[in-house]
Amino acid sequence: MRDQRLWTWHVLAGLVILVFLGLHMTIMHLDIIFGFFNPGDAKPIDWVSVVGRARMGFFTVSYVVLLGAALFHGLYGLRNILFELGPARGVKSALNVVLTVGGVGLFVFGAWAAWTAGVLARSL
Amino acid sequence: MTAPVNVTFRIRRYDPASQQPPAWEDVTIPYTHGMTVLDGLRVIKETRSATLAWRSSCRMGVCGSCGMFINGHPRLACNTQITELGTSLVTVAPLPNFDIIRDLVPDLRPMFDAHAALMPHLIRDDVQEMYEPTGEYFQTPHELEQFLQFSYCIKCGCCMAACPTMATDPAYSGPMPLAQSHRYNVDSRDGGFGTRKQVLATEKGPWKCHYAGECSQACPKGVDPARAIQLMKRQLVFDYLRLYKQPCPSKVVPKPTEMKRRADVPEAPAPTL
């Protein structure tokens, strides 16, 4: 049942990435057409635009959700590739632990960075 | 291609008793009109190499015994004309992704073990009705369409030999067992999805399929195992999200009693068993 659960979350994470990566592409690369979340005439990567987005709670949440989805999607894919090399059962267990701990560690660090950026932006 | 005068068979030979590694042997024989690869092997066995071993039976692409790796592709030897290969050099080896028993005979037991583990048969609650039927399980033409193409599988192993995942992952059940499991999962007469799920939801399930599609390309009967595997993934994802509802197995309808045999159709002979 674990494989069914992991695969389902892999698919769902892919959908989340599709939505948020689509949002990223729209904001960063289609700004001339849409101009979402870019105040005035500023470009998407200008300081004022970046700080403006960091002040919005929606973006803090979206960064964390995208981070979690991308980490899970990517690390599960990496796990599948490594498992196809035919490692022994013990090595599989060790890989599971390493990838889980590494993924959680990266997520905590990334979520902390996104949260801190939001706090700093609001204090400016 | 114009028919060649002679055909050279490059055959992978292996005899476990000799304790020698597999080796290639070239044999040239005269081409005869309509010769298949299986015909050529028979000529070689009768005239050149009596010890050559392979597995075959029906000679008409029905039994699935003569799956071989012919000119780099898994095919049925009986269904492969020499002329369609486009060359007078025919390379014949046992199916990849299986152990070799001898010469061109692969050990298909792992495939059939995986097949049996996925319970490729109707599973219903009314066991009594299954063994002593009082009627027929009702099925519409549309319901039949859901699994019909998958039931054309002859278990030749060509899809298993073509599958890149099978080449690396011994835990993977493979395209044939998974497609046959799906064939019963979507059969309206079956209620065994929950039982099969105990195996399908594990690492033996469809998750390792990369959708290379080689299995469907190789199938000599036109079955599409890759499609079955993707549909099975969707079914299992929906099941995890509790969005899949196992349809109620079709009801038993009484045998028709008003039917009369046409006068020009003779009566069936008495059962012999």
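This tour moves through a predicted model with chains A and B, naming what to select at each stop.

**Chain B as a whole**

Begin by selecting chain B. Its secondary structure amounts to nine helices and nine strands. Computed along the principal axes of the model's C-alpha trace, chain B covers about 60 × 55 × 40 Å. Chain B has 273 residues, of which 34% count as buried. Among the contacts in chain B with a separation of 6 or more, 69% join residues 24 or more positions apart.

**The two domains of chain B**

Next, colour residues 6-106 of chain B as domain 1 and residues 109-252 as domain 2. The C-alpha centres of these two domains of chain B are 31 Å apart. Where they touch, 16 residues of domain 1 of chain B are in contact with 13 residues of domain 2 of chain B. Strands β3 and β4 of chain B each contribute at least two residues to the domain 1 side. Which element gives the most to that side? The answer is β4(B), with four residues. By class, the domain 1 side comprises nine nonpolar, six polar and one charged residue.

Now select residues 67-70 of chain B, which form strand β3, and residues 73-76 of chain B, which form strand β4. The two strands pair in the antiparallel sense over four bridges. Display F69(B) and look across to β4(B), where P74(B) is its bridge partner. Then move to the two residues between the strands: N71(B), in this hairpin, takes a positive phi near 45°.

**Helix α1 of chain A**

Turn to chain A and select residues 2-29, which form helix α1. How far apart are the end C-alpha atoms of this helix? They are 39 Å apart, which agrees with the 40 Å that 28 residues should span at 1.5 Å a residue.

Within α1(A), show the side chains of Q4(A), W7(A), H10(A) and A13(A), the buried residues of this helix. An α-helix has 3.6 residues a turn, so residues three or four places apart point the same way.

**The contact between the chains**

Finally, display both chains together. Their contact takes nine residues from chain A and 12 residues from chain B. On the side of chain A that touches chain B, there are three nonpolar, three polar and three charged residues.

Terms used: Residues are numbered from 1 along each chain as its sequence is written. Chains are lettered from A and ligands numbered from 1 in the order in which they are written. This is a predicted model: local features need pLDDT of at least 70, side-chain atom pairs count only at pLDDT 80 or more; totals for chains, interfaces and linings use all residues. Two residues are in contact if their C-beta atoms, placed from the backbone, lie within 7 Å. Ala, Val, Leu, Ile, Met, Phe, Trp, Tyr, Cys and Pro count as nonpolar, Asp, Glu, Lys and Arg as charged, and the others, Gly among them, as polar. Two strands pair if DSSP finds at least two bridges between them. A residue is buried if 20 or more other C-beta atoms lie within 10 Å of its own, exposed if 12 or fewer, and partly exposed in between; C-beta atoms are placed from the backbone. Domain bounds come from an automatic or database domain assignment. The expected span of a helix is 1.5 Å times one less than its number of residues.
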